[in-house]
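Hi everyone, thanks for making time.

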Amino acid sequence: MAHSSSCQYIPSDTHVPGLAAVHAEQLSFSFHENNVQFAVENASFDIEGGKITAIIGESGSGKSTLLRLIYGLLEPTSGTVRYKGWQIPTRKDKLIPGHDSMKLVSQGFDDLNTYANVWDNVASQLPNTDIKRKQDKTAEILQRLRIDHLAKKRVADISGGEKQRVAICRALINEPEVLLMDEPFNQVDASFRDTLQQDIKDIVRDTGLTIILVSHDPTEVLALADNLIVMKSGKILDQNNPHVLYSEPSHPYTALLLAKSNILNPEQAQTLGIESEKSIAIHQEWISISTTEESSFFVKDSKFRGFYYEILISNNTVDLHCITTSQLIPKKNQAVDLTISNWIAFD
Ligand code: ADP
């Protein structure tokens with residue numbers, strides 16, 4: 001879709017054919033001059049073009065830093081990152097930082113002019129050399145993100161979700177090949193997230209845009225992303241599609257992050273009759289409970305979550321989180337039997 005080409009920026013660079021759209025090898029970055037602590041450490045990954053990839057992980061795990069390395073805002077301490085086989089230029093290679101085929105929507109709408117109206121915020125991204133094109137493109141993108149009715153409103157007077165849509169319009173009006181988004185749903189009310197996500201999916205399907213986004217709340221991107229990159233302490237722990245990572249996580253951290261799974265050491269597993277030499281994960285929905293007269297397990301706590309309850313059960317050695325949609329909620333201290341339908345052992 002883009003007119004800007006993904007060309008050679010660095011004279012000494014040679015094109016590497018056959019790579020994924022974004023390809024990183026042993027990418028590291030440290031904010032400290034002596035490189036004692038890495039914000040991103042030895043990250044190797046592939047990001048497919050025309051897909052939505054989410055970088056997930058707890059706060060401080062290096063997600064934003066990785067996004068900025070992909071865009072070229074930060075210079076890798078070591079390793080390389082390539083777009084379409086060419087090394088990504090950084091500040092030393094290019095006057096205006098950021099790859100020309102990419103656009104970054106940062107957190108907090110810093111780029112928006114809150115006192116200007118929505119139309120002007122978006123239209124200002126295009127030159128005045130062709131007024132008709134400017135008008136048409138602005139109208140088209142506002143319609144695409146379904147905020148054409150807000151065109152005359154000041155950005156200061158619209159909601160967080162609407163501001164996010166304006167920020168996306170500004171980023172997309174020049175037809176980048178890659179859209180990078182840092183925590184795009186942070187300031188969007190939960191009830192508006194689904195429609196924004198559906199609109200983003202439609203744009204990817206219709207235009208072949210590549211999206212790379214960062215999220216600290218993986219539950220919000222499970223339905224959106226084609227692929228997930230899981231980060232912890234600057235390292236990439238897992239990368240795969242959401243289904244595989246949810247049902248077969250290769251690290252306890254991924255199981256906790258995606259499924260709020262119960263992580264048990266071998267001794268704790270044994271109290272449930274599970275023999276394993278390694279730690280195991282039991283997702284909440286893999287445990288079913290029923291009330292009984294006598295059992296080593298009892299209800300420690302229950303939380304109302306709307307159409308389901310989160311129940312914490314315990315045998316005083318192991319605490320287990322499980323869920324039930326039954327309306328017959330066992331009372332505190334009630335003895336319960338449990339059935340475990342599945343568990344995962346980690347290497
Ligand atoms: P995330 O996006 O996952 O929250 P970041 O990429 O923002 O994580 O940060 C990764 C690590 O780098 C953290 O330990 C953070 O404190 C550190 N860091 C981030 N930005 C800076 C900075 N400008 N200067 C020094 N350290 C930073």
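Okay, let's start at Phe 109, which sits in the loop between β6 (102-105) and α2 (118-123). A quick word on those labels: helices (H or I, at least four residues) and strands (E, at least two) are DSSP runs, numbered from the N terminus. Before I go on, residue numbers start from 1 along each chain, following the sequence as written. And this is a predicted model, where local features need pLDDT of at least 70, side-chain atom pairs count only at pLDDT 80 or more, and totals for chains, interfaces and linings use all residues.

Back to Phe 109. Its phi is near 55°, a positive value in a residue other than glycine. Most residues other than glycine have a negative phi. Is Phe 109 buried, exposed or partly exposed? It counts as partly exposed, because it has 18 C-beta neighbours inside 10 Å. The cut-offs are these: 20 or more other C-beta atoms within 10 Å makes a residue buried, 12 or fewer makes it exposed, and anything in between is partly exposed, with C-beta atoms placed from the backbone.

Arg 146 also has a phi near 55°, again positive in a residue other than glycine. You'll find Arg 146 in the loop between α3 and α4, and it's partly exposed because 13 other C-beta atoms lie within 10 Å. His 149 is found in the loop between α3 (131-144) and α4 as well. His 149 is exposed, since it has 10 other C-beta atoms within 10 Å. From His 149 to Arg 82 it's 67 residues along the chain, and their C-alpha atoms are separated by 40 Å.

Let's zoom out. The chain has 8 helices and 18 strands, and its C-alpha atoms fill a box of roughly 80 × 50 × 35 Å along the principal axes. Of the 347 residues, 37% are buried.

How is the chain divided up? The domain assignment (bounds like these come from an automatic or database assignment) gives domain 1 (22-101 + 176-255) and domain 2 (262-345). Their centres, taken over C-alpha atoms, are 35 Å apart. How many residues of domain 1 are in contact with domain 2? There are 4, and they meet 4 residues of domain 2. Contact here means C-beta atoms, placed from the backbone, within 7 Å. On the domain 1 side, that's 3 nonpolar, no polar and 1 charged. For those classes, Ala, Val, Leu, Ile, Met, Phe, Trp, Tyr, Cys and Pro are nonpolar, Asp, Glu, Lys and Arg are charged, and the others, Gly among them, are polar.

Now, Leu 256. This one lies in helix α7 (residues 252-259), and it counts as partly exposed because it has 15 C-beta neighbours inside 10 Å. Setting aside neighbours within four places in sequence, Leu 256 is in contact with Ser 261 and Ile 263.

Three strands form an open, antiparallel sheet in the order β11-β12-β18. Strands pair if DSSP finds at least two bridges between them. β11 and β18 (344-345) are the edges, each with a single partner strand, so one side of each has no neighbour in the sheet.

Next, helix α1 (residues 63-71), where 9 of its 9 residues are buried. Just after α1, Gly 72 takes a positive phi of about 95°.

What surrounds the ligand? The residues there include Phe 31, Ala 39, Lys 63, Ser 64 and Thr 65; to be counted, a residue's C-beta atom, placed from the backbone, must lie within 6 Å of the molecule. The shell divides into 2 nonpolar, 7 polar and 1 charged. Lys 63, Ser 64 and Thr 65 are among the buried residues of α1 too.

Of its 85 residues, Ile 70, Cys 169 and Leu 180 touch the most other members. Helix α4 (residues 160-172) gives the largest share, 6 residues. Not counting residues up to four places away in sequence, Leu 180 touches Ile 70, Tyr 71 and Ile 212, among others.

Note on methods
Core = buried A, V, L, I, M, F, W, Y, C linked by C-beta atoms within 7 Å. Contact = placed C-beta atoms within 7 Å.
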